[in-house]
Amino acid sequence: MLAKGFSKPTDRVERLRSMIVDAVPCIEAERAVLITESYQATEGLPMIMRRARACLKNILSCSF
């Protein structure tokens, strides 16, 4: 049931919604390994720095 003032979504919106709802999440094993290694190497640093280094140093500089 639609709320008052709203119309039926367009075909495009329905298609996009279906793509999002039906998407199967995937996990890249190599990325998980790189992040784990980075977290182990940066123990003792604040979490914000550990996350930043994990992303910038290990993920963005990695050539796939």
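So, where is Thr-42 found? Thr-42 sits in the loop between helix H2 (29-41) and helix H3 (47-60). Helices here are DSSP runs of H or I with at least four residues, strands are runs of E with at least two, and both are numbered from the N terminus.

Quick caveat: this is a predicted model, where local features need pLDDT of at least 70 and side-chain atom pairs count only at pLDDT 80 or more, while totals for chains, interfaces and linings use all residues. Residues are numbered from 1 along each chain as its sequence is written, and side-chain values use heavy atoms, with hydrogens and water left out.

Overall, the protein has 3 helices and 0 strands, so along the sequence you read α-α-α. Of its 64 residues, 11% are buried (under 20% relative accessible area; exposed is over 50%, partly exposed in between, with a 1.4 Å probe and protein chains only).

Is Thr-42 buried or exposed? Thr-42 counts as buried because its relative accessible area is 8%. Leaving aside residues up to four places away in sequence, Thr-42 touches Arg-50 and Arg-53, a contact being heavy atoms within 4.5 Å.

Last one, Ile-48. That residue lies in helix H3, and Ile-48 is exposed, because its relative accessible area is 59%.
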